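Please examine the structure shown here before reading on.

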Amino acid sequence: MTTGVHDEAVVEMTVARRNLVLAVVVLSSAAYNAATFTATAILPQMQGAMAATQDEISWTVTFNILATAVVTPMTGWLVASFGRRAVMVWSLAGFTLAGLLCGLAQSLEDLVLWRVAQGAAAATLLPLGQTIILDVFPRRQHAYVISIFGMSNTVGPVIGPMLAGYLAEYYSWRWGYHMIVPVGILATIGA
């Protein structure tokens with residue numbers, strides 16, 4: 001395969017910096033997917049702690065997904081208005097803060113509010129992350145980096161609920177949300 005002008009990355013940077021960008025994107029997408037599916041694993045513990053019905057506690061999942069669905073199409077506009085880095089950093093920071101506040105919630109209403117904030121803040125992470133890695137890496141490496149990105153999107157939903165269920169069983173349902181905070185802080189600093 002010959003390399004040419006069409007093989008160059010859109011954004012020029014060193015190999016080390018490219019790999020750092022990939023690590024941040026992978027970390028943020030894994031954290032987002034883990035947080036999305038973590039709530040389903042700890043619903044029974046949250047239901048008992050909040051004295052909520054099954055329908056009421058399911059709002060924490062439903063409204064998170066709705067917020068994500070509403071904000072995701074706005075990613076292009078947000079990037080055009082504020083820039084990729086700013087949107088990525090603020091999305092990660094908002095997602096991390098909302099995750100912390102989910103774990104600190106004292107009522108069902110608070111928990112639903114912070115889950116909405118978490119879904120809205122994180123909505124840009126997947127489409128923006130994919131765009132960033134495709135622009136940073138040359139075309140010949142796109143299949144490789146997209147496979148790593150895809151793997152992070154499957155690892156988060158597998159490990160997140162399992163770890164959250166364990167933490168909720170032995171400590172508290174709050175740790176299902178708090179476990180995401182260090183990962184979110186690390187990704188935010190990396191961004």
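## Surface and charge

The accessible surface of the protein comes to about 9800 Å², and carbon and sulfur atoms hold 68% of that area. The model discussed here is a predicted one.

Charged side chains number 8 positive and 9 negative in the protein. The centres of these two sets are 13 Å apart.

## Overall fold

The protein contains 11 helices and 0 strands. Its radius of gyration is 18 Å, close to the 16 Å given by the globule rule for 191 residues, so the protein is as compact as a globular protein of that length. Along the principal axes, its C-alpha atoms fill a box of roughly 65 × 35 × 25 Å.

Among contacts in the protein with a separation of 6 or more, 80% are accounted for by residues 24 or more positions apart.

## The interior

Of the 191 residues, 43% count as buried. In soluble globular proteins, nonpolar side chains tend to be buried together. In this protein the largest nonpolar core has 45 residues, and those with the most contacts inside it are Met46, Leu111, Trp173 and Tyr177. Elements giving two or more residues to this core include α2 (43–50), α7 (108–122) and α9 (142–170). The largest share, 8 residues, comes from α1.

Which residues does Tyr177 contact, leaving aside its neighbours within four places in sequence? They are Ala39, Ile42, Met46, Gly99, Cys102, Gly103, Leu111, Arg115 and Gln118.

Key:
Residues numbered from 1 in each chain as written. Predicted model: local features only at pLDDT ≥ 70, side-chain atom pairs only at ≥ 80, totals over all residues. Heavy atoms only, no water. Helix = DSSP H or I, 4+ residues; strand = E, 2+ residues; numbered from the N terminus. Rg over C-alpha atoms; globule rule 2.2 N^0.38 Å. Buried < 20%, exposed > 50% of the residue type's maximum accessible area, 1.4 Å probe, protein only. Contact = heavy atoms within 4.5 Å. Areas by Shrake-Rupley, 256 points an atom, 1.4 Å probe, with all protein chains shown as cover. Lys, Arg positive; Asp, Glu negative; His and termini not counted. Charge placed at Lys NZ, Arg CZ, Asp CG, Glu CD. Core = buried A, V, L, I, M, F, W, Y, C linked by side-chain atoms within 4.5 Å.
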